[in-house]
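Please walk through the structure shown below, one region after another. The text starts with a single residue and then widens to the parts around it.

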Amino acid sequence: MSVASIVLTASAERHAGRHQLTTTLLLLRLPVSCATGDLVSLETGNAGRHDFSIIRRRWIVAANTTELEITLDHPAGR
């Protein structure tokens with residue numbers, strides 16, 4: 001299964017930093033079938049659930065490689 005790389009908006013980055021979620025989010029292995037508007041809920045035990053939304057899908061094509069980049073935003077649904 002192919003996976004996409006993750007990019008965070010500035011607000012998602014701030015939220016992730018406050019809750020020590022940055023590394024976890026950047027290492028997510030979301031499938032390429034994810035769509036703009038999908039919610040990504042990260043459950044962290046005591047800290048509860050953190051909802052992010054997929055706001056952009058971008059294909060990056062360079063030389064002989066093609067990669068999907070998915071941008072997550074927080075708060076979800078804004």
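Glutamate 69 is buried, because its relative accessible area is 12% and the limit for buried is under 20%. This is a predicted model, and in it glutamate 69 forms a salt bridge with arginine 58, with the closest N and O atoms 2.9 Å apart. The two partners come from distant parts of the chain: arginine 58 belongs to strand β3 and glutamate 69 to strand β4, 11 residues apart. Arginine 58 is partly exposed, with a relative accessible area of 41%. Side chains of opposite charge can pair when their charged atoms come close.

A search of the whole structure finds two salt bridges. Glutamate 43 counts as exposed at 58% relative accessibility. Arginine 49 is exposed as well, with a relative accessible area of 53%. Glutamate 43 also stands opposite arginine 49 of β3. The strands β2 and β3 pair in the antiparallel sense, over five bridges.

How are the strands arranged as a sheet, and in what order? There are four strands in an open sheet, in the order β1-β4-β3-β2, and the pairing is mixed. The edges are taken by β1 and β2; each has a single partner strand, so one side of each is left without a neighbour in the sheet. On average, neighbouring strands of this sheet are turned by 40° against each other, direction ignored.

Serine 53 shows how residues from several parts of the chain meet. Serine 53 has its place in strand β3 and is buried, with a relative accessible area of 9%. Not counting residues up to four places away in sequence, serine 53 touches Asp38, Leu39, Thr71, Leu72, Asp73, Ala76 and Gly77.

Take isoleucine 70: leaving aside its neighbours within four places in sequence, isoleucine 70 is in contact with Ala4, Ser5, Ile6, Val7, Pro31, Cys34, Ile54 and Arg56.

Which residues of α1 are buried? They are Ser11, Ala12, His15 and Ala16. These residues cover an arc of only 135° around the axis, which puts them on the same side of α1. An α-helix has 3.6 residues a turn, so residues three or four places apart point the same way. The buried residues of α1 are covered by parts that include β1, α2, β3 and β4.

After α1 comes glutamine 20, which has a positive phi, near 50°. Glutamine 20 lies in the loop between α1 and α2, where α1 spans 10-18 and α2 spans 22-26. Is glutamine 20 buried or exposed? Glutamine 20 counts as exposed, because its relative accessibility is 66%.

Alanine 63 also has a positive phi, of about 50°, although it is not a glycine. The place of alanine 63 is in the loop between β3 and β4. With a relative accessible area of 81%, alanine 63 is exposed.

The last stop is a peptide bond. Histidine 74 and proline 75 are joined by a cis peptide bond, with omega about 0°. Proline 75 is found in the segment after β4, a strand that covers 65-73.

Note on methods. Residues are numbered from 1 along each chain as its sequence is written. This is a predicted model: local features need pLDDT of at least 70, side-chain atom pairs count only at pLDDT 80 or more; totals for chains, interfaces and linings use all residues. Side-chain values use heavy atoms; hydrogens and water are left out. Helices (H or I, at least four residues) and strands (E, at least two) are DSSP runs, numbered from the N terminus. Buried means under 20% relative accessible area, exposed over 50%, partly exposed in between (1.4 Å probe, protein chains only). Contact means heavy atoms within 4.5 Å. Two strands pair if DSSP finds at least two bridges between them. Axes are lines fitted to C-alpha atoms, for helices over the stretch in contact, and angles run from 0 to 180 degrees between N-to-C directions. The arc is that of the directions from the helix axis to the C-beta atoms. A salt bridge is a side-chain nitrogen of Lys or Arg within 4 Å of a carboxyl oxygen of Asp or Glu.
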